Structure formats: structure tokens, C-alpha cells
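I opened this one to get my bearings. Notes follow as I went along.

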2 protein chains.
Amino acid sequence: MEIVRGIKELQTKVTAIKKTGKKVGFVPTMGYLHEGHLTLVREAKKECDVVIVSIFVNPLQFGPKEDFSKYPRDFERDCKMLEAENTDIVFNPEPSEMYPEGFQTFVEVTEVTKTLCGTSRPGHFRGVTTVVLKLFNAAKPDKAFFGEKDFQQLVTIRRMVKDLNLSIEIIGVPIVREPDGLAMSSRNTYLKGDERKSALCLYRSILVAKEYVAKGERNAKKILAVVQDVIENTPLTKIDYVKLCNPDTLEYIEDGELKGKTLLALAVFVGGTRLIDNAILEV
Amino acid sequence: MEIVRGIKELQTKVTAIKKTGKKVGFVPTMGYLHEGHLTLVREAKKECDVVIVSIFVNPLQFGPKEDFSKYPRDFERDCKMLEAENTDIVFNPEPSEMYPEGFQTFVEVTEVTKTLCGTSRPGHFRGVTTVVLKLFNAAKPDKAFFGEKDFQQLVTIRRMVKDLNLSIEIIGVPIVREPDGLAMSSRNTYLKGDERKSALCLYRSILVAKEYVAKGERNAKKILAVVQDVIENTPLTKIDYVKLCNPDTLEYIEDGELKGKTLLALAVFVGGTRLIDNAILEV
């Protein structure tokens with residue numbers, strides 16, 4: 001497994017690899033890896049000849065009051081986990097390599113970023129699309145793999161790829177959960193004491209929503225109400241949002257009857273930690 | 001010479017060409033070609049094996065009150081001129097191919113676009129960078145050629161390419177002028193009667209500025225004043241801007257002494273037609 005720190009160095013390596021006809025898979029991460037990330041790497045290994053994983057905690061996608069400085073980092077541990085998955089290249093640039101002095105170019109997807117986390121985290125998706133486009137141009141992948149846990153991110157990246165005519169196939173990979181149902185996230189490490197137990201309310205509320213839909217409930221308001229109830233009745237929690245959306249446009253569905261596929265998306269503070277989760281409700 | 005209308009079709013063709021080891025040169029234009037464009041094509045032919053010229057009047061870079069609908073178009077004439085230069089591929093997409101329904105991704109270079117035409121034409125450079133990135137991703141060139149007449153555009157594209165880690169060499173090509181000095185532009189066709197003669201004041205004011213510098217004048221205010229004088233003393237003209245700038249950052253130099261290279265940049269309405277011109281003053 002090779003560790004590469006420079007953009008030009010990565011481009012040179014990838015160009016040589018692609019000349020041999022090999023397909024390149026790419027998994028962008030912010031490190032502090034868990035089974036969710038490793039599932040992406042395994043999918044990439046299955047579908048591609050060479051797999052590049054980037055580890056870069058991207059300052060541009062954190063708000064000024066968010067957790068950039070305390071975001072968990074453990075590069076050595078990450079490398080061991082990636083080595084065990086037969087990752088070919090780890091790309092681990094410094095912030096100054098990604099954003100040198102004078103940097104001033106940004107990519108924005110304007111519509112699908114307006115709802116959900118786009119409301120709570122202004123500038124977040126601009127940071128995501130900008131870094132992902134830069135990483136795509138550095139790693140030049142044939143396919144790139146993203147977790148469905150960050151559903152809005154996945155929709156946004158798909159939109160960017162389509163709108164900018166990038167020749168990259170975007171693959172969404174289902175959420176990986178802890179045995180008790182908590183969606184895997186590097187931020188779960190922030191949960192202390194009873195918070196870990198309270199954090200289960202996100203998945204529990206999703207299961208309740210699915211149950212209601214399975215039993216024939218179609219009313220958006222009623223489904224939103226039961227999800228909110230489950231969370232509000234859990235100690236240490238504060239809802240950031242509980243929303244039903246069109247899974248393509250991410251526009252809110254606030255009342256009326258559910259039809260076809262609907263995204264249920266949640267963001268909940270548990271103690272000081274903001275967690276997200278989601279599921280597709282299908283009728 | 002092949003005419004291609006679809007983005008995917010162009011990508012497929014270019015990918016096949018590049019597999020044979022050939023270098024691809026790209027000249028983006030809005031058509032209604034003149035010697036300025038043809039000089040870009042000739043430079044591209046010199047430096048590359050295959051030359052792609054795009055002809056696309058990009059709605060995104062025109063303001064709501066600007067000349068998008070009346071911008072001159074003559075595709076047949078353009079094709080004859082490009083054929084005569086041994087152009088390999090003409091890319092001529094419909095607006096609906098470039099901006100299909102749901103399109104919502106934009107690229108912005110935030111600093112070098114703040115001055116000069118960025119002030120007079122809000123949103124213009126966002127339209128330019130977005131379309132050029134899309135065209136780059138469609139034509140996948142090794143080198144792309146831009147005229148120095150649109151100096152701020154050239155600086156902006158260079159910045160975008162650097163910031164987004166595109167593996168494309170950007171080549172700036174000097175301004176091509178009519179025998180009497182008027183910088184070539186598709187918009188010169190708008191000039192009627194005495195306006196054509198008045199339009200010469202842009203180049204004339206540049207020559208006067210160069211003469212002053214050659215004679216030892218270094219004072220920014222004095223140089224700006226003589227340029228303004230030349231233009232204001234010409235009938236049918238109205239100054240949009242007359243500026244001295246740092247040629248890298250495009251920051252204004254409003255007083256003090258000129259040092260090294262300074263960009264003199266002009267935008268002047270002649271009748272209803274907005275013309276631009278520029279030169280580097282070197283001391």
C-alpha cells in the first residue's frame with residue numbers, strides 16, 4: 001500500500017495505472033475509519049482493479065462553530081485497516097496542498113443543497129463539492145463510492161457529476177449499522193455514557209416509521225409526528241430536523257399522502273453530538 | 001472535419017483519440033469567428049495533434065439586459081473558416097445539451113473576478129467558469145487556448161485550472177488587431193457608421209499610455225488621466241472603466257508609481273456597443 005501526499009504525484013501515478021487499462025476506484029473519507037468506510041473500500045475492490053482511498057479532514061466543509069479541530073484523527077490506525085483491505089493507494093494531503101495560498105475556486109450545487117443539512121450547515125455542501133471535485137481531478141477514478149448515510153451528500157455529488165459532465169460513475173452504498181442499529185459514524189466516538197444509548201432513538205424512530213407505513217399509514221404529517229415523538233421521548237436529545245423528502249430533489253413533503261419512494265431524513269443532537277440517519281420509505 | 005453535438009459523443013471520440021497517444025488541443029469560442037479565433041486554432045494546430053473548436057453562445061455568461069439574443073451567429077461561415085484551418089472536430093451543442101432541466105451546478109472563482117468586468121457584469125465570470133469547466137470535461141484537452149483580449153477571463157481560467165487540479169495547460173495568445181489597431185471581436189459587427197472610427201480610441205489610448213511610460217512617466221494617476229482624456233475626447237464614447245491592475249491578482253493600482261508589469265484594462269461603450277481592450281505596461 002502506497003501513501004501519497006501530493007496531488008501531482010497522485011495524478012502521475014494514476015495516469016500510468018490507467019494507461020495499462022486498469023479501472024480505478026476511489027473512496028473519499030475524512031479518516032477515523034469504521035466498518036462503513038471499509039464496506040465502501042470492499043465494494044471498490046470488487047468493482048475496480050486499483051483502489052485509492054483519500055483521508056483528508058476538509059476544513060472547507062466545517063462551519064466556524066463546528067468540530068473541525070476536534071474531529072477524530074488516527075492516521076496510523078486508518079492505514080492498518082486499509083492495508084488489511086488491500087487498498088492500493090492512500091491519498092493523505094496536507095490542507096496546504098489542497099488549499100494553497102490564493103485558492104479561490106468553489107463549486108456549488110444550488111438546489112438539492114437547500115434543504116436538510118444545507119439549512120443547518122450553511123456552506124457545508126459548497127465545501128464538500130469543492131473538495132470532492134478536487135479529489136476527483138487528483139485521483140481520476142472510473143468509479144467513486146459514497147455511503148448512503150450521507151444521503152444528501154450522495155445526491156449532491158451525483159448532481160455535480162452529471163452537471164459538470166464528469167466521466168465518473170457514482171456508487172451509493174447502503175448504511176452500515178452497529179449491532180444495535182446505530183448508523184456508523186466517526187462522530188459516534190463523541191458519545192459519552194448514556195448518550196450512546198439515547199443515540200439509538202434515530203434508528204428506532206426509522207423502524208417505527210417503517211412499521212406505520214407497513215401497516216398502511218400514508219399521511220406525511222402523522223408519520224413525521226410519530227418519528228418526532230420517539231426522539232422527543234428519549235433523554236439527552238434535541239431534534240435538528242425530521243423531514244420527509246422527494247429522494248431525487250430533496251424537496252420537503254410536509255403533508256398529503258406518501259407515494260412511491262420517500263426519504264425520511266433525521267438530524268438529532270444527542271448531548272453535544274449531531275447525528276444523522278435516513279431511510280427510504282416505500283409504499 | 002467532424003461536427004459533434006452531444007457531450008457523450010465528444011467524450012467517446014476524445015477518449016479513443018487519446019488512447020492512441022495523440023495530444024488534444026481545445027479552443028472554446030462563441031462563434032462568429034474572426035482572425036483572433038483563427039490565430040488560437042493555428043496555435044493549437046502547431047502544438048497538438050488533434051484540435052477541437054467549440055462553438056457555443058453560452059446563455060449563462062450574459063446578464064439579463066445583455067446581448068445574448070442578438071449576439072451574432074453564422075455557423076456555416078464558421079465551419080468553412082475552421083475547415084480551412086484543418087480543424088479536426090467542431091463541438092456545437094444546443095443549450096439544452098449543456099444545461100438540461102434540473103441543471104444546478106456552478107463554478108465560481110471569487111477574487112480575480114471582483115474587479116474590471118466582474119464589477120460591470122455580475123454573474124458573467126460564473127457563467128464563463130461553469131461553461132469552460134463543462135467544455136473541458138467534454139473535450140478532455142491536454143492544452144486549451146484563450147485570447148489575451150479577454151485578459152480577466154484568461155486569469156480566471158488559469159486560477160480555476162490550478163485550484164481544481166485540472167491537468168490542462170492553459171495557453172494565452174496575444175490580441176489580434178485590425179490593420180488600424182481595433183482589437184478583433186465578434187461584437188465589432190455591432191459598430192455602425194462613425195462608431196467604427198470612434199472605437200479606435202481604445203487602442204489609441206493604450207498607445208498614448210505606452211508612450212508616456214516609455215518617456216519615463218510612472219505615476220498611476222497621471223497615466224489613468226491621459227487614457228481617460230483620449231477616450232473622453234472621442235465622440236460617441238462612454239467609459240465603463242479605465243484601470244491599472246496587478247496582472248496576476250487584478251487588484252487595482254489607483255495611485256503611486258508603476259513597477260514591473262502593470263495591466264492597463266479598458267471597457268468603453270461606443271454607441272450601444274461595449275468594447276474591451278488591454279495591454280501590459282512594463283517599466
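**Notebook: a sheet, then the two copies**

I began with an open sheet in chain B: 3 strands in the order β8-β9-β10, paired antiparallel. Two strands count as paired if DSSP finds at least two bridges between them; strands (E, at least two residues) and helices (H or I, at least four) are DSSP runs, numbered from the N terminus. This is a predicted model, where local features need pLDDT of at least 70, side-chain atom pairs count only at pLDDT 80 or more, and totals for chains, interfaces and linings use all residues. Residues are numbered from 1 along each chain as its sequence is written, while chains are lettered from A and ligands numbered from 1 in the order in which they are written.

Which strands of chain B stand at the edges? β8 (237-245) and β10 (273-282) do, each with a single partner strand, so one side of each lacks a neighbour in the sheet.

I then looked at β9 (residues 261-270) of chain B, which pairs with β10(B) over 10 bridges, antiparallel. Leu264(B) sits opposite Ala279(B) in β10(B). Helix α10 (residues 220-232) of chain B packs on the sheet and touches β8 and β9 of chain B (contact: C-beta atoms, placed from the backbone, within 7 Å). The direction of α10 makes about 160° with that of β8(B) (axes are lines fitted to C-alpha atoms, for helices over the stretch in contact; angles run from 0 to 180 degrees between N-to-C directions).

Note on methods:
Two residues are in contact if their C-beta atoms, placed from the backbone, lie within 7 Å.
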